[in-house]
Amino acid sequence: DIRYEIPCQHRSNIFWAFANSRIYSNLIFECSMEQVIHNIEKCNSQDITLTIWSFAIMNIGNYEFYYRICEEVMKRKLENFKKFQLSIIVWSVCVGNFPNIPLVSTVLSMDWTEKTNHSNN
């Protein structure tokens with residue numbers, strides 16, 4: 001199936017372009033949720049951030065979709081995620097109306113003044 005062959009970067013850029021332009025497409029977003037989850041471990045932090053932001057902007061996705069993405073972020077122990085990416089992910093989860101996903105409380109309880117691997121850029 002061709003949908004499984006689209007690299008994460010290309011897929012997240014497509015989502016971003018549609019969401020940024022506010023071009024609503026059930027076909028692009030809703031039909032892609034399963035593929036996103038299926039390939040999430042192959043995606044880097046920017047791809048994950050763009051994807052979840054795009055779905056939140058388009059108001060698409062269910063609890064399992066957001067939970068599985070956040071589960072992958074937690075599995076990586078938030079490593080390689082910049083502070084602004086973590087804030088975008090938390091914002092997206094809350095916009096999706098799923099603030100009870102564990103990642104939200106984890107990120108909100110972080111010491112944002114402490115210098116960590118989570119740089120500002």
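Student: Of the contacts between residues at least 6 apart in sequence, what share joins residues at least 24 apart?
Tutor: In this predicted model, 75% of the contacts between residues at least 6 apart in sequence join residues that are at least 24 apart.

Student: And how many helices and strands does the protein have?
Tutor: There are seven helices and zero strands, so that, by the DSSP runs used here, the order from the N terminus reads α-α-α-α-α-α-α.

Student: How much of the protein is buried?
Tutor: Of the 121 residues, 42% are buried. The accessible surface comes to about 7000 Å², and carbon and sulfur atoms account for 52% of that surface.

Student: Cysteines next. How many disulfides are there, and which residues does a disulfide join?
Tutor: The structure holds one disulfide, and it joins C8 to C43 with an S to S distance of 2.3 Å. The two partners come from distant parts of the chain, with C8 in helix α1 and C43 in the loop between α3 and α4, 35 residues apart.

Student: Which hand does the disulfide of C8 and C43 have?
Tutor: The disulfide is left-handed, because the torsion about the S-S bond of C8 and C43 is about -75 degrees.

Student: Are C8 and C43 buried or exposed?
Tutor: C8 is buried, with a relative accessible area of 10%, and C43 also counts as buried, at 9% relative accessibility.

Student: What about C70 and C94, how far away is the nearest cysteine sulfur?
Tutor: C70 is in no disulfide, and the nearest cysteine sulfur to it, that of C94, is 9.3 Å away. C94 is likewise in no disulfide, its nearest cysteine sulfur being that of C70.

Student: Switching to rings: how many aromatic pairs does the count come to?
Tutor: The count comes to six aromatic pairs. One of them is F15 with F55, an edge-to-face pair with 5.0 Å from centre to centre and 80 degrees between the planes. That pair links distant parts of the chain, since F15 sits in helix α1 (residues 8-21) and F55 in helix α4, 40 residues apart.

Student: Why do F15 and F55 count as buried?
Tutor: The cut-off for buried is under 20% relative accessible area, and F15 has 1% relative accessibility while F55 has a relative accessible area of 0%, so both fall under that cut-off.

Student: And the pair of Y66 and F98, how are the planes set?
Tutor: The ring centres of Y66 and F98 are 5.3 Å apart and the planes stand at 40 degrees, so this pair is tilted. Because Y66 lies in helix α5 and F98 in the loop between α6 and α7, the pair ties together parts of the chain that are 32 residues apart in sequence. Y66 is buried at 1% relative accessible area, and F98 counts as buried at 14%.

Student: Which residues form the aromatic cluster?
Tutor: F15, F55, Y63, F65, Y66, Y67 and F98 form one aromatic cluster.

Student: Staying with α5, where is E72, and is it buried or exposed?
Tutor: E72 is found in helix α5, which covers residues 63-75, and it is buried, with a relative accessible area of 7%. Leaving aside neighbours within four places in sequence, E72 is in contact with I40, E41 and I48.

Student: Now α6: how many residues does it have, and which of them are buried?
Tutor: Helix α6 (residues 83-95) has 13 residues and reaches 18 Å from its first C-alpha to its last, close to the 18 Å expected at 1.5 Å a residue. Its buried residues are K83, Q85, L86, I89, V90, S92 and V93, and what covers them includes α4 (45-57), α5 and α7 (102-108). Just after α6, N97 takes a positive phi of about 70 degrees.

Student: Last one: where does H38 lie, and how far is it from R68?
Tutor: H38 lies in helix α3 (residues 33-39) and counts as partly exposed at 47% relative accessibility. The C-alpha atoms of H38 and R68 are separated by 9.7 Å, although the two residues are 30 apart along the chain.

Conventions: Residues numbered from 1 in each chain as written. Predicted model: local features only at pLDDT ≥ 70, side-chain atom pairs only at ≥ 80, totals over all residues. Heavy atoms only, no water. Helix = DSSP H or I, 4+ residues; strand = E, 2+ residues; numbered from the N terminus. Buried < 20%, exposed > 50% of the residue type's maximum accessible area, 1.4 Å probe, protein only. Contact = heavy atoms within 4.5 Å. Expected span 1.5 Å × (residues − 1). Phe/Tyr/Trp six-rings, centres within 6.5 Å; stacked < 30°, edge-to-face > 60°. Areas by Shrake-Rupley, 256 points an atom, 1.4 Å probe, with all protein chains shown as cover. Disulfide = S-S within 2.5 Å.
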